[in-house]
Amino acid sequence: MPLPIQKLPSNHLGKDYIVGDLHGCFSLLERLMEEVSFDKNHDRLFSVGDLIDRGPESLRCLQLLAEPWFYAVKGNHEDMFLELFIPYLLNDKLPSSNVFKYSDLMHNGGEWVRNHINQAQQTMSVEFDNALVLVAKMPLIYIVGEGEQRFHVIHAELMKPRAYSIDNLVYLDSDIDRFLLDETISHDIEDRLYWSRSLMKSAVSDLYYPRVQKGLSTTFCGHTIGNKIRQILSHVCLDTGAFMSTDSDNNFCLTLYDVVESKYFSTSYQQSDVNRAKYKIITTP
Ligand SMILES: [Mn+2]
C-alpha cells in the first residue's frame with residue numbers, strides 16, 4: 001500500500017493549483033482549467049478530496065486519478081466508497097443488495113455506482129474497476145515544498161482530540177513530519193482528517209479563531225461548504241458547494257486556487273464564464 005502521507009518537492013517548472021470538493025462536477029473543473037490555461041506537462045492540480053457523489057460525473061472525476069499531474073487526498077466520500085467496495089476489490093465479491101441499500105455511501109449521494117453494476121456477471125464495469133484501484137491508493141495528507149513555500153493538502157481539519165486550549169487545537173508541521181516518519185496515521189486521527197468541522201463551523205458562529213496558527217503551514221482543505229474561501233488557524237477551506245451550484249438562488253461554485261499568483265477562479269452551473277479574484281493567504285500572525 002502507498003503511504004498515507006506523501007511529501008512532494010516544490011514545483012519549479014510550473015504552477016500549483018488546488019481545487020475544492022468536486023463531487024462529480026467534472027465539467028466545471030474543465031472550464032476552470034481552460035480558463036487558467038492549465039499546462040499538463042508542467043503544472044500540478046491538487047484536490048482536497050470528495051471527488052465523487054451528489055454531482056453528475058463521479059466516475060469521470062475518479063478517472064483524474066490516473067493523470068500524472070493530478071494529486072488528490074482521500075475524502076470521507078472516498079472512505080465510504082472504499083468501505084463498500086474493498087471486499088469486491090480483494091475477492092471479487094459484490095456487496096449484497098441489502099448491504100448496498102443500507103450503506104453510508106447510498107445515503108450520501110452514491111447512487112451513481114448502481115449504473116456501473118453488471119448484474120448478469122455480478123461484476124462492476126471495467127472503468128469502475130480501474131478507478132477503484134486508484135481510489136485505494138489515495139493518501140490522506142500531501143506535504144508540498146519546504147520552509148516558506150511549504151503547504152499541505154488534506155480533506156477536512158487537523159483537529160487534535162479533546163482540544164480545549166486555543167494554543168493546542170490543531171496538529172502542527174512538527175506533528176505531520178512525525179506522521180511522515182512513522183509512515184502511519186492512527187484510525188482516530190484519520191477519522192478527524194475526513195470528518196472534522198470544528199474549525200470551519202466557527203466561521204459562522206461567535207467563536208473566534210485567528211487566521212494563522214503559528215507552527216502550521218498553509219493547509220488547504222474542503223469538506224465544509226461555504227459561499228466563499230475561509231481561512232482559520234492556517235486552514236484554507238476551498239469547499240464552495242460546486243454540486244449545489246445548479247440553483248440560481250445561491251452563490252455556490254467550484255473554486256480553483258492558484259498558489260503562485262494568490263488568486264482564485266470560480267464557476268458554477270448557473271454561469272457560462274469564470275470569476276477571478278485575488279485571495280491572498282495570510283501566513284504570519
Ligand atoms: Mn467531505
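## Tyr279 and its surroundings

Leaving aside neighbours within four places in sequence, Tyr279 is in contact with Arg211, Ile229, Arg230, Gln231, Tyr257, Ser262, Lys263 and Tyr264, where contact means heavy atoms within 4.5 Å. With a relative accessible area of 15%, Tyr279 is buried; here buried means under 20% relative accessible area, exposed over 50%, and partly exposed in between, with a 1.4 Å probe and protein chains only.

This is a predicted model, in which local features need pLDDT of at least 70 and side-chain atom pairs count only at pLDDT 80 or more, while totals for chains, interfaces and linings use all residues. Residues are numbered from 1 along each chain as its sequence is written, and side-chain values use heavy atoms, with hydrogens and water left out.

## The protein as a whole

The protein has eight helices and 14 strands, where helices (H or I, at least four residues) and strands (E, at least two) are DSSP runs numbered from the N terminus. For 285 residues, a compact globule would have a radius of gyration near 19 Å, and the 18 Å of the protein agrees with this; the radius is taken over C-alpha atoms, and the globule rule is 2.2 Å times the number of residues to the power 0.38. Along the principal axes, the C-alpha atoms fill a box of roughly 60 × 45 × 40 Å.

Of the 285 residues, 54% count as buried. Among the contacts with a separation of 6 or more, 67% are between residues 24 or more positions apart.

## The manganese site

The manganese ion is coordinated by Asp50 (OD), Asn76 (OD1), His155 (NE2) and His223 (ND1), at 2.1 to 2.2 Å. Donors are N, O and S atoms within 2.8 Å of the metal (3.2 Å for Na, K and Ca), and water is not among the atoms, so sites may look incomplete. Along the chain, the donors of the manganese ion follow the spacing D-x25-N-x78-H-x67-H.

The two histidines link distant parts of the chain, 68 residues apart: His155 is in the loop between β8 (151–153) and α6 (173–182), whereas His223 is in the loop between β9 (218–221) and β10 (230–232). Both His155 and His223 are buried.

## A helix with buried residues

In helix α7 (residues 187–195), the residues Ile189, Glu190, Arg192, Leu193 and Tyr194 are buried. The buried residues of α7 pack against α3 (76–91), β7 (141–144) and α6.

## Loops with positive phi

Most residues other than glycine have a negative phi. Leu233, however, has a positive phi near 45 degrees, and this residue is found in the loop between β10 and β11, where Leu233 is buried with a relative accessible area of 1%. In the loop between β12 (254–258) and β13 (263–267), Ser262 also has a positive phi, near 50 degrees, and Ser262 counts as buried at 10% relative accessibility.

Ser234 has its place in the loop between β10 and β11 (235–237) and, at 4% relative accessibility, counts as buried. Not counting residues up to four places away in sequence, Ser234 touches Arg211, Val212, Gln213, Leu216, Ser217, Thr218 and Thr219.
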